[in-house]
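Thanks, everyone. Please look at the screen while I talk.

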Amino acid sequence: MKLTETSLPEVYIVTPEVFGDYRGWFMETYSLPVLEKLGIKNNFVQDNQSYTKLKGTLRGIHFQNEPMAQAKLVRV
């Protein structure tokens with residue numbers, strides 16, 4: 001995985017390594033040991049995925065302040 005800093009504090013782009021051949025491709029989208037080696041030390045306890053059927057639909061994520069704050073792992 002490759003970690004790229006953004007202009008937003010504590011917001012990073014994590015690019016997985018993609019392994020492909022004639023059959024298709026495979027990528028590891030989450031690995032606690034790899035992320036820890038990259039300096040991301042959050043304990044992710046929940047993973048959600050959604051599918052939007054209609055083209056042009058915009059979804060958003062929300063951020064929370066303490067004491068209800070959560071780290072977000074967003075895949076687009």
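One caution before we start. This is a predicted model.

Start with the largest pocket. How much space lies in it? About 2,100 Å³. The lining counts 43 residues. Closest to the centre of the pocket are Ile-61, Lys-72, Leu-73, Val-74 and Arg-75. Which strand gives the most to the lining? That is strand E2, residues 12-15, with three residues. By class, the lining has 23 nonpolar residues, 14 polar ones and six charged ones.

Now the surface. There is a nonpolar patch of about 520 Å². Four residues make it: Ile-61, Phe-63, Val-74 and Val-76. Take Val-74. You will find Val-74 in the segment after helix H1, which covers 32-37. Is Val-74 buried or exposed? Its relative accessibility is 51%, and the cut-off for exposed is over 50%. So Val-74 counts as exposed. Remember that Val-74 was also among the residues closest to the pocket centre.

Next, charges. How many salt bridges does the structure hold? One. The partners are Arg-23 and Asp-21. Their closest N and O atoms are 2.5 Å apart. Cover is worth a look on each side. Arg-23 is exposed, at 66% relative accessible area. Asp-21 is partly exposed, at 38%.

On to the backbone. Here is the background. Most residues other than glycine have a negative phi, and most peptide bonds are trans. Now two cases to check on your screen. Glu-10 is not a glycine, yet it has a positive phi of about 60°. Where is Glu-10? In the loop between strand E1, residues 2-5, and E2. Glu-10 is exposed, with a relative accessible area of 74%. The second case is the peptide bond joining Glu-66 and Pro-67. That bond is cis, with omega about 10°. Pro-67 lies in the segment after H1.

Last, two pairs of residues. First pair: Phe-44 and Gln-70. Along the chain they are 26 residues apart. Their C-alpha atoms are separated by 9.0 Å. Phe-44 sits in the segment after H1.

Asn-42 is partly exposed, with 35% relative accessibility.

Go to Arg-23 and Asp-21 for the salt bridge. Then try Glu-10 for the positive phi, and Pro-67 for the cis bond. That's my tour.

Definitions and conventions. Residues are numbered from 1 along each chain as its sequence is written. This is a predicted model: local features need pLDDT of at least 70, side-chain atom pairs count only at pLDDT 80 or more; totals for chains, interfaces and linings use all residues. Side-chain values use heavy atoms; hydrogens and water are left out. A salt bridge is a side-chain nitrogen of Lys or Arg within 4 Å of a carboxyl oxygen of Asp or Glu. Buried means under 20% relative accessible area, exposed over 50%, partly exposed in between (1.4 Å probe, protein chains only). Patches are made of residues with over 30% relative accessible area and no salt bridge: like charges are joined within 9 Å, nonpolar side chains (Val, Leu, Ile, Met, Phe, Trp, Tyr) within 5 Å. Accessible areas come from the Shrake-Rupley method with a 1.4 Å probe; for residues, only the protein chains shown count as cover. Helices (H or I, at least four residues) and strands (E, at least two) are DSSP runs, numbered from the N terminus. On a 1 Å grid over the protein atoms alone, a cavity is a set of points where a 1.4 Å probe fits but cannot get out, and a pocket is an open set with protein on both sides within 12 Å along at least five of seven lines; lining residues have an atom within 4 Å of a point. Grid points are joined across faces, edges and corners, and a volume is the space filled by probe spheres set on the points. Ala, Val, Leu, Ile, Met, Phe, Trp, Tyr, Cys and Pro count as nonpolar, Asp, Glu, Lys and Arg as charged, and the others, Gly among them, as polar.
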